[in-house]
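Please keep the sequence and the structure in view while reading.

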Amino acid sequence: MKPFYAPLFEALINHSRSAPAGFHVPGHHYGDALKLEIKHTDSGYEPDKWYSAIMKLDVTELSSTDDLHHPEAAILEAQRLAADTFGAEETFFLVGGSTSGNIALLLTVCEPNDIIIVQRNVHKSIINGLKLAGAKAVFLSPQIEEKAGLAIVPSLEQVEKALRLYPDAKAVFLSNPNYYGMSADLTPFVELIHQHGKPLLVDEAHGAHYGFHQELPRSGLAAGADAVVQSAHKTLPALTMGAMLHVQGSRIQRELLRQSLAMIQSSSPSFPILASLDISRAMIDTLGAKLFKQSLASAASFRTWMKLHSTAIQVLEWSSIEDTRCLHFKDPLRVIIYDKSGRMSGFELQRLLEQYGCFSEMADPRYVVLVFGIQTSLEDTLKLQYAIKIIDGYAIEQADAAQNEQNTLIPTFLPESEVMAISEPVSFARERFKNKNSIRVGLGNAEQLIAAEMVTPYPPGIAILYPGEKITAAIINQIQRLSASGAKFQGAVDPTMSTIAVFS
């Protein structure tokens, strides 16, 4: 076990202890501004009590604190230590979340009109990055896990075919794991993509903890990915917006990446956020697998309790993806629950949980995602179990539940359709439609026209169409099937999807 050492955090502490006379920003002057006499409301909130400690560390770029965009001292050392811990050649601290890392990567690998192969169900930051880069995306439809109806990475065969169809593509960008904790071993993807001379970029926002315990899945870096973005604040003890971008190999132009990060990130980064990244890394180095011991035990205990006590409210157990070339895993710290009877949507179940003081990570029309964080306590777990017991009393009889469940999932993609599986290049150049008007036409008359709105059916929450994408007969057929099955469409003006916006 290594001793706890966080050089950036230590530099901030030492600076604060020196009792500096500060003639610089930020305006709160080490929190002293909050010590002014303020008339409090009856609630009794005291800003000095809640914020003064963190404000003592909230400084700017000084000789004693270093500069994120040109690190030479504590930040440089902290990033080098993080690279060693996470298995990268170089690590960049991010204060704008994984969003800033995703955008910077796209600006690094893509020039205007360059093609990049992208998983269709990506975070909106990647779409925004494509717009800023003016790049073209070839979208790959994800695989759908049959039992849960949830999307994971595209198949290896699909990636291989896209690389053959578009040999000029600059890179492949995948999201792994998904929001529900489902992931794939990226090793065969890395081998395939590298055979074609391309880099693999990975949005691993939900997997910053991967690889640090034998029960956790393998990280994208360990699989050999060229660049991996992780939201440390999601699963490690870092402040919100704290993230890391890890790079290895020679396929990413490091100096260009630094320039891209300087454009995307603030010139006045938050030092408390930076210090929290340093602290997270130091805790991993000091505690190793012990850091996740309690959270894993709490999640396992809750799963066991649910099997013994729950009826209509159940834990999702998803089936294995049939892919002999790629192993798939689930994050044991993410527990997905749902009402098997179909009487309650995920949103309704989330609302009821909140009434009993249990706040989940997210909900969708069917599921609620629970994230067991570091040091999730027994008290927290018992509180959750109590809420589940009360909510479960609202559910209808199990006999009706089994019958209703058959109609709960709505068909998602057309796996047999090659048109749906691999899109034509979709331009995200902002000037392409800058001065063009959009009109609404009947969906059945929209074949070969260009979509002017994003169409995202729930479930499964994956965009079928992006603005600028050509509308094909296969897409029209799929939208009509989903609409007839009762799917809801996010981003579309017409909820019935009888009409669609197109560029005129």
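Which kind of link do the side chains of E90 and R258 form where they meet? They meet in a salt bridge, with N to O at 2.3 Å; the term stands for a side-chain nitrogen of Lys or Arg within 4 Å of a carboxyl oxygen of Asp or Glu. E90 belongs to strand β1 (residues 90-94) and R258 to helix α10 (residues 254-264), so the pair ties together parts that lie 168 residues apart in sequence. Helices (H or I, at least four residues) and strands (E, at least two) are DSSP runs, numbered from the N terminus.

Two remarks on the source apply throughout. The model is predicted: local features need pLDDT of at least 70 and side-chain atom pairs count only at pLDDT 80 or more, while totals for chains, interfaces and linings use all residues. Residues are numbered from 1 along each chain as its sequence is written, and side-chain values use heavy atoms, with hydrogens and water left out.

The surroundings of this pair can now be described. E90 is buried, at a relative accessible area of 18%, whereas R258 is partly exposed, at 33%. Here buried means under 20% relative accessible area, exposed means over 50%, and partly exposed lies in between (1.4 Å probe, protein chains only). Through salt bridges that share partners, E89, E90, R254, E255 and R258 are joined into one network.

The whole structure contains 13 salt bridges. One of them joins the side chains of E469 and R120, at 2.7 Å from N to O. This pair links distant parts of the chain, 349 residues apart: E469 is in the loop between β18 (456-458) and α17 (473-485), and R120 is in the loop between β2 (115-119) and α5 (124-133). Both E469 and R120 are buried. Another salt bridge, between R351 and E348, has its closest N and O atoms 2.5 Å apart. R351 and E348 are three residues apart in helix α13 (residues 346-355), which means that about one helical turn separates them. R351 is partly exposed, at 40% relative accessibility, and E348 is partly exposed as well, at 28%.

The next topic is the sheets. Strand β1 takes part in an open sheet of eight strands with mixed pairing, in the order β1-β10-β9-β8-β6-β2-β3-β16; two strands pair if DSSP finds at least two bridges between them. Its edge strands, each pairing on one side only, are β1 and β16 (426-427). Within this sheet, β8 (residues 200-203) and β9 (residues 227-230) pair in the parallel sense over three bridges, and V202 has V228 in β9 as its bridge partner. Helix α3 (residues 74-86) lies across β1, β9 and β10 (243-247), running at about 120° to β1. Such angles run from 0 to 180 degrees between N-to-C directions, and the axes are lines fitted to C-alpha atoms, for helices over the stretch in contact.

A further open sheet has four strands, in the order β11-β13-β15-β14, with antiparallel pairing. Its edge strands are β11 (313-315) and β14 (362-363), each pairing on one side only. Helix α13 packs on this sheet, touching β11, β13, β14 and β15, and its direction makes about 45° with that of β15. Five bridges join the antiparallel strands β13 (residues 334-339) and β15 (residues 367-371), and the bridge partner of V335 in β15 is L370.

How is the chain divided into domains? An automatic or database domain assignment gives domain 1 (72-274), domain 2 (291-402) and domain 3 (435-503). The centres of domain 1 and domain 2, taken over C-alpha atoms, are separated by 28 Å. Contact, meaning heavy atoms within 4.5 Å, is made by 30 residues of domain 1 with 25 residues of domain 2.

The largest nonpolar core has 81 residues, and F189, L200, F302, I337, L353 and I388 touch the most other members. Both domain 1 and domain 2 give residues to this core, so it lies between them. Such a core is a set of buried Ala, Val, Leu, Ile, Met, Phe, Trp, Tyr and Cys residues joined through side-chain atoms within 4.5 Å. Leaving aside neighbours within four places in sequence, the residues in contact with I337 include F302, L353, L370 and I388.
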